Amino acid sequence: MVERVNKLLRFFGGHEPDVNALSAHLDGRLATPEAARLRAHLASCETCRARLDGLCATRDTLRAMLDIEPPRSFRLRAADVERAQEPAAKTSAPMLRWAPAVSAVAAVVFAIVIGVDLSSSRGGSSYSADRAPLTARQADTASSTESGGMMDKNIASAPVPQGSGEAATGSADGDARGFAPDPDIATAAPGAVLAPAPAPSGTAVAAQPPPSGATATPAARAAIRPVATATSELQATSGEAAANNGGNNTTALRVMEIVAAAIAVLSAAAAVTLWRTGRERL
Amino acid sequence: MIGNPAPEPTPRSPDSEPDHLRRALDGDLDAFNGLVNLHQRAVYNLCFRMLGSGVAAEDATQDAFLSAYRNIRAFKGTSFRPWLMRIASNACVDELRRRGRRPAVSLDAPLPGRDDPLDVADPAPGPETEALRREQQDIVQAALLRLPADQRLAVVMCDMQGFAYEEIAEAMRTSVGTVKSRIARGREKLRRELGPREQSGIG
């Protein structure tokens, strides 16, 4: 059958030899029936014979390449080995290892901020009270502290009490811990101070984006001093402070969105790079 | 300096290997160095053919043996040589990737670098034959360097180092069928590149 097809092909101007089969045949690696078929074909096909000869000559050339004497002995000395047994430095940039985690965290931050942005622009009227004084200050601080000092503080709504202290830090902090609630990180993060606002928590929860019922706040240093009674109540109950941004506070949100999106995209790119270089190993 | 023709460059399974291997698996450095003695020629040659430069091959060989020693516990197979070759080829790929990042070193360089040990090697035969032969070697090496790394590795291991398809498959962690096709495509590209010149050269 193959033979007939090949004959037909030759009649119409030759065929491309099956290099894979010819090369394997050269090494005696074709199964017996295939080898027999190929030999029969070779007997009548000049193209394939010539190709086989060419491949054979190439193999001979390679075989005739001279072995090179190593310039020295590669015996390992104890000193080499000791050095090598210290914790192996990860190849290439160690920062890259955190890329996937940073990317994921930044994406979550982005999603939350976007959610807040959307909900506040839609339901902005529900936040009428008391937010104006904070707006300007928050915008300033958020844009100047950028990713390193920016953080989100989620205050969980009643049904999910353990989700109270989620902290997300930017790429400057390589140790992205995923999504585990970690109040330590939250309190220790430099420049990341809660911005309490006297909005009633019920309102805040009602206006939340779906995922975690969380409100994002930009860092606001000025708010460090103890403020309203509402805030102290909240701190007393959950150890956290809830704050929300007013609908006018869009600049800070936009900055956060852009920064979070940029971090997400960059670290995702880094993660892909990492993955690809890993694949290059043969 | 120039040794035997490639097909049987190193002893395949020397009697001393199992013993060395057993002791090396327990972290015995002397025993491991016994393995180094047995295999360094093959490893160095593989690296040289993959990288095209003596200095780079030296570094990659050193890295490979260090890495092999450090990871010797991960060796579970029966056959040490393909495992070692795998580590060596990974060392080469690391080096090639480093080059990729700083493209100063061109893989398309027509001739191997200054540090090519072939330049130093110069045994008996007459100067003209020797020059011709060396030129031929350079041409083939340059053509090899233009192959994709996976094909280059397969061709070098098969045609220059005499490994069986199965061993190459083990070293490359792939199937024998894939090895077969990498060898075929590599040979075919070399055939086209070397073409008529090759026919008039050695052979």
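Predicted model: local features only at pLDDT ≥ 70, side-chain atom pairs only at ≥ 80, totals over all residues.
Is the crossing of H4(B) and H8(B) left-handed or right-handed? Good morning, everyone. That crossing is right-handed.

The buried residues are B:Tyr165, B:Glu167, B:Ile168, B:Ala169, B:Glu170, B:Ala171 and B:Met172. Directly after H8(B) comes B:Arg173, and the phi of B:Arg173 is positive, near 50°.

What surrounds this helix? One partner is helix H4 of chain B, residues 80-101, whose axis comes within 8 Å of the axis of H8(B) and crosses it at roughly 50°. This angle makes H4(B) oblique to H8(B). On the side of H4(B), the contact is formed by B:Arg81, B:Pro82, B:Met85, B:Arg86 and B:Ser89, while H8(B) contributes B:Glu167, B:Glu170 and B:Ala171. Sorted by class, the residues of this contact are three nonpolar, one polar and four charged.

H7(B) and H8(B) pack at an angle of about 145°, and their axes lie 10 Å apart. This crossing, too, is right-handed. Here B:Leu153, B:Ala154, B:Met157 and B:Cys158 of H7(B) meet B:Ile168, B:Ala171 and B:Met172 of H8(B). Please note the classes: the contact of H7(B) with H8(B) has seven nonpolar residues, no polar ones and no charged ones.

Let us remain for a moment with B:Ile168. Beyond its neighbours within four places in sequence, B:Ile168 is in contact with B:Ala154, B:Met157, B:Cys158, B:Phe163 and B:Val179. Where does B:Ile168 stand in the largest nonpolar core? This core has 67 residues, and B:Ile168 is one of the five that touch the most other members, together with B:Cys47, B:Ala60, B:Ala88 and B:Met157. Helix H2 of chain B, residues 29-51, supplies the largest share of the core, with 12 residues. A further core of 18 residues lies apart from this one, and its members include A:Val102, A:Val105, A:Ala106 and A:Leu253.

Is B:Gln151 buried or exposed? It has 20 C-beta neighbours inside 10 Å, and therefore it counts as buried; the threshold is 20 or more. If residues up to four places away in sequence are set aside, B:Gln151 touches B:Arg182, B:Arg185 and B:Gly186. The C-alpha atoms of B:Gln151 and B:Lys189 are separated by 9.7 Å, although these two residues are 38 residues apart along the chain.

Finally, a few words on chain A. Chain A contains 11 helices and one strand. Read from the N terminus, its elements follow the order α-α-α-α-β-α-α-α-α-α-α-α. Of the 282 residues in chain A, 37% are buried. Among its contacts between residues at least 6 apart in sequence, 77% join residues at least 24 apart.

Thank you for your attention.

Conventions
Residues numbered from 1 in each chain as written. Chains lettered and ligands numbered in written order. Buried ≥ 20, exposed ≤ 12 C-beta atoms within 10 Å, placed from the backbone. Helix = DSSP H or I, 4+ residues; strand = E, 2+ residues; numbered from the N terminus. Axes fitted to C-alpha atoms, helices over the stretch in contact; angles between N-to-C directions. Parallel < 35°, antiparallel > 145°, perpendicular 65-115°, else oblique. Left-handed = near helix turned anticlockwise from the far one by under 90°. Contact = placed C-beta atoms within 7 Å. Nonpolar A, V, L, I, M, F, W, Y, C, P; charged D, E, K, R; others polar. Core = buried A, V, L, I, M, F, W, Y, C linked by C-beta atoms within 7 Å.
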